[in-house]
Amino acid sequence: MTDSYADFEDIELLLARLEKGDPSVRDALKASIEKVIAENQQLRGQIESIELELEDARQLADGDVLCPVLNRRAFTREIEREIALADRHGTDLSLLFLDLDQFKRINDRLGHKAGDDALKAFAGALVGGVRRTDIVGRLGGDEFGVLLIGTAGADAETQLERLSIHLVSVLSGWEGLTVSIGLSDWNPGETVEDLLASADSAMFDKKSERHLGGE
């Protein structure tokens with residue numbers, strides 16, 4: 001930084017001499033300006049590199065350690081952000097709470113690596129089965145969530161049914177593995193915890209009804 005300040009001081013002195021009619025300073029002035037421009041370009045490149053590194057670090061911090069989705073902390077942060085937007089603009093918002101049934105059997109029969117593979121396959125299918133505007137996160141273990149942006153009521157039910165059909169076909173490759181899905185619309189005044197608890201409760205209701213052939 002000291003060199004840069006010195007360069008600017010040199011340029012000011014050279015400009016002052018040029019204004020006084022000293023043509024001999026033109027080349028020196030040009031060289032000083034070019035040096036400053038080069039330094040600025042270098043700094044700009046360093047800033048862009050730092051920004052990319054920060055973005056990579058953020059993605060690593062927000063991503064689940066196993067699956068290609070957000071971790072619980074990042075997912076709940078996004079829910080909170082979307083709730084604030086929905087509250088401000090009066091838009092719809094709903095949450096799907098998904099729980100894999102019979103997952104323990106995969107671990108017990110085939111081992112934890114197979115269980116991890118099943119979770120990754122399920123998470124990938126989940127991301128591929130929702131809209132690009134929706135947000136997917138792993139809540140922990142074999143539980144996942146999908147935040148449906150701008151959707152509630154009958155439209156959210158339609159999204160749930162489409163996703164259910166998609167996931168059933170994907171899970172058919174894993175012996176006995178099924179999924180139970182609960183849906184809850186966000187209502188003004190509800191917090192992140194309220195919405196998660198409501199969707200979780202709806203999921204357990206579906207599980208008890210063996211909605212998708214669960215336990």
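Student: Is Gln 102 buried or exposed, and what is its relative accessible area?

Tutor: The model is predicted, with local features requiring pLDDT of at least 70 and side-chain atom pairs pLDDT 80 or more, while totals for chains, interfaces and linings use all residues. Residues are numbered from 1 along each chain as its sequence is written, and side-chain values use heavy atoms, leaving out hydrogens and water. A residue counts as buried under 20% relative accessible area, as exposed over 50%, and as partly exposed in between, with a 1.4 Å probe and protein chains only. Gln 102 is buried, at a relative accessible area of 13%. For the chain of 215 residues, the buried share is 38%.

Student: Where does Gln 102 lie, and what is its phi?

Tutor: Most residues other than glycine have a negative phi. Gln 102 is not glycine, yet its phi is positive, near 65°. The residue sits in the loop that joins strand 1 to helix 4. Helices here are DSSP runs of H or I with at least four residues, strands are runs of E with at least two, and both are numbered from the N terminus. Just after helix 4, Gly 111 also has a positive phi, of about 100°.

Student: How many helices and strands does the chain have, and in what pattern?

Tutor: There are 7 helices and 4 strands. Along the sequence they follow α-α-α-β-α-α-β-β-α-β-α.

Student: At what angle do helix 4 and helix 5 pack?

Tutor: Two packed helices are described by the angle between their axes and the distance between the axes. An axis is a line fitted to C-alpha atoms, for helices over the stretch in contact, and the angle between N-to-C directions runs from 0 to 180 degrees. Helix 4 (residues 103-110) and helix 5 (residues 112-128) pack at about 140°, with axes 6 Å apart. Contact, which means heavy atoms within 4.5 Å, involves Phe 103, Ile 106, Asn 107 and Leu 110 of helix 4, and His 112, Ala 114, Gly 115, Ala 118 and Leu 119 of helix 5. These residues comprise 6 nonpolar, 3 polar and no charged. In that count Ala, Val, Leu, Ile, Met, Phe, Trp, Tyr, Cys and Pro are nonpolar, Asp, Glu, Lys and Arg are charged, and the others, Gly among them, are polar.

Student: Which residues of helix 4 are buried, and which are exposed on its other side?

Tutor: Phe 103, Ile 106 and Asn 107 are buried. They cover an arc of only 95° and therefore lie on the same side of helix 4; the arc is that of the directions from the helix axis to the C-beta atoms. On the other side, Lys 104, Asp 108 and Arg 109 are exposed. Strand 1 and helix 5 are among the elements covering the buried residues.

Student: How is helix 6 to be read, and which of its residues are buried?

Tutor: Helix 6 has 19 residues and reaches 27 Å from its first C-alpha to its last, close to the expected 27 Å; the expected span is 1.5 Å times one less than the number of residues. Its buried residues are Ala 156, Gln 159, Leu 160, Leu 163, Ser 164, Leu 167 and Leu 171. Seen down the axis, they fall within an arc of 140°, so they line one face of helix 6. The face turned away from them carries the exposed residues Ala 154, Asp 155, Arg 162 and Ile 165. Covering the buried residues are elements including strand 1, helix 5, strand 3 and strand 4.

Student: Which members of the largest nonpolar core touch the most other members?

Tutor: In soluble globular proteins, nonpolar side chains tend to be buried together. A nonpolar core is a set of buried Ala, Val, Leu, Ile, Met, Phe, Trp, Tyr and Cys residues joined through side-chain atoms within 4.5 Å. In the largest, of 28 residues, Leu 96, Leu 98, Phe 122, Leu 126, Phe 144 and Leu 167 touch the most other members. Strand 1 (93-101), helix 4, helix 5, strand 3 (143-149), helix 6 (153-171) and strand 4 (178-185) each supply at least two residues, and helix 5 gives the most, 7 residues. Beyond its neighbours within four places in sequence, Leu 126 contacts Leu 98, Val 136, Phe 144, Val 146, Leu 163 and Leu 167. Apart from this core lies another, of 16 residues, including Leu 93, Phe 97, Trp 186 and Ala 199.

Student: What is the relative accessible area of Phe 75, and how far is its C-alpha from that of Leu 139?

Tutor: Phe 75, in helix 3 (residues 72-89), is buried at 0%. The two C-alpha atoms are separated by 7.9 Å, although the residues are 64 apart along the chain.
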